[in-house]
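Hi everyone, thanks for coming.

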Amino acid sequence: MGNKYTKRYTEEFKQDAIALVDSSGKTVTAVARELGISSESLRGWYRRAKADQSEGQPGELTSVEREELRRLRKENREQQQTIEILKKATAFFAKESDR
């Protein structure tokens, strides 16, 4: 998440900044400096945009794939918790039936 000092930028601003990098021929750092934003933020946005356009590094996930992975990891975590609860319940009821 971010803390209260983290700036939030609109998707439109991010797309405009990425387009400026592509069209100006300037480096990401130079464009970020002109816009008054962190070069690391712009670099991340640029890298993700290129991956989404299938122009990124080999093996780099697109935004859709990244979101699916996040969802699947959450689902996996919830299922693991459910399994642990069921194991404990099984052990409890097995012990109760022995009485």
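Predicted model: local features only at pLDDT ≥ 70, side-chain atom pairs only at ≥ 80, totals over all residues.

Okay, helices. When two of them pack, we describe them by the angle between their axes and the distance between the axes. Here, the axes of α1 and α3 come within 10 Å and cross at roughly 85°. That makes the two helices, α1 and α3, roughly perpendicular. So who's touching whom? On the α1 side we've got F13, K14, A17, I18, V21 and D22, and on the α3 side L42, W45, Y46, A49 and K50. Sorted by class, that contact has eight nonpolar residues, three charged ones and no polar ones.

Now look for the rings. There are four aromatic pairs in the structure, and one of them is F13 with W45. Their ring centres sit 6.3 Å apart and the planes are at 85°, so we call this pair edge-to-face. F13 is in α1 and W45 is in α3, so the pair ties together parts that are 32 residues apart in sequence.

Last stop, the largest pocket. How much space lies in there? About 180 Å³. Its lining is E11, K14, Q15, I18, W45, R48, A49, D52, S63 and R66. Helices α1, α3 and α4 each supply at least two of the lining residues. And the classes? Five charged, three nonpolar and two polar residues.

Technical notes:
Residues numbered from 1 in each chain as written. Heavy atoms only, no water. 1 Å grid on protein atoms, 1.4 Å probe; cavity = no way out; pocket = protein on both sides within 12 Å on 5 of 7 lines; lining within 4 Å. Points joined across faces, edges and corners; volume = space filled by probe spheres on them. Helix = DSSP H or I, 4+ residues; strand = E, 2+ residues; numbered from the N terminus. Nonpolar A, V, L, I, M, F, W, Y, C, P; charged D, E, K, R; others polar. Axes fitted to C-alpha atoms, helices over the stretch in contact; angles between N-to-C directions. Parallel < 35°, antiparallel > 145°, perpendicular 65-115°, else oblique. Contact = heavy atoms within 4.5 Å. Phe/Tyr/Trp six-rings, centres within 6.5 Å; stacked < 30°, edge-to-face > 60°.
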